[in-house]
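Please open the structure in your viewer and keep the selection tool at hand.

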Amino acid sequence: MNQKQKITMNEKIPVKLTIHDRNLLLEETFIDDVKIELLQSAEEQSGMITIHLTLDDLDDLLGTIAFHANHADDSKLEAIFDEMYDRLSEIESMYEMIED
């Protein structure tokens, strides 16, 4: 098992998303203005964007994605949210928050 990287509460980690992920988050979810700004201002490189979030912010985003997956009226949309949740959960599991 790989050892988790230790980070402080306010330290941000890179989170890569596809352009499709970004558009889905902006169009189909209820996310806060700060995350909207991060998603909209992120530069695209080879069909991907990278945003930087604290573990708390990533956890909040994961909760939003899970909510929308669980309440999707369309099974295809549910599957897309589930896949996105799994990918981002893997990123979250690589880190451990420590006291400052």
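Contact here means heavy atoms within 4.5 Å, and helices (H or I, at least four residues) and strands (E, at least two) are DSSP runs, numbered from the N terminus. The model is a predicted one, in which local features need pLDDT of at least 70 and side-chain atom pairs count only at pLDDT 80 or more, while totals for chains, interfaces and linings use all residues. Residues are numbered from 1 along each chain as its sequence is written, and side-chain values use heavy atoms, with hydrogens and water left out.

**First selection: helix H4**

Select residues 75-92, which form helix H4; at 1.5 Å a residue its 18 residues should span 26 Å, and the end C-alpha atoms, 25 Å apart, agree with this. The expected span is 1.5 Å times one less than the number of residues.

Now colour the buried residues of H4, namely Leu 77, Phe 81, Met 84, Leu 88, Ser 89 and Ile 91, where buried means under 20% relative accessible area, exposed over 50% and partly exposed in between (1.4 Å probe, protein chains only). They cover an arc of only 145 degrees around the axis, which puts them on the same side of H4; the arc is that of the directions from the helix axis to the C-beta atoms. An α-helix has 3.6 residues a turn, so residues three or four places apart point the same way.

Which parts of the structure do the buried residues of H4 pack against? Show strand E2 (13-18), helix H1 (19-28), helix H3 (55-70) and strand E4 (95-98), because these are the elements that they pack against. Turn to the face of H4 that looks away from its buried side, and you find the exposed residues Ser 75, Lys 76 and Glu 90.

**Next selection: the salt bridges**

The whole structure holds five salt bridges, each a side-chain nitrogen of Lys or Arg within 4 Å of a carboxyl oxygen of Asp or Glu. Select Arg 87 and Asp 21, whose side chains meet in one of these (2.6 Å, N to O); Arg 87 lies in helix H4 and Asp 21 in helix H1, so the pair ties together parts that are 66 residues apart in sequence. Arg 87 is partly exposed at 26% relative accessible area, whereas Asp 21 is buried at 3%.

Finally, select Lys 35, which is buried with a relative accessible area of 8%, and Asp 60, with which Lys 35 forms a salt bridge whose closest N and O atoms are 2.9 Å apart.
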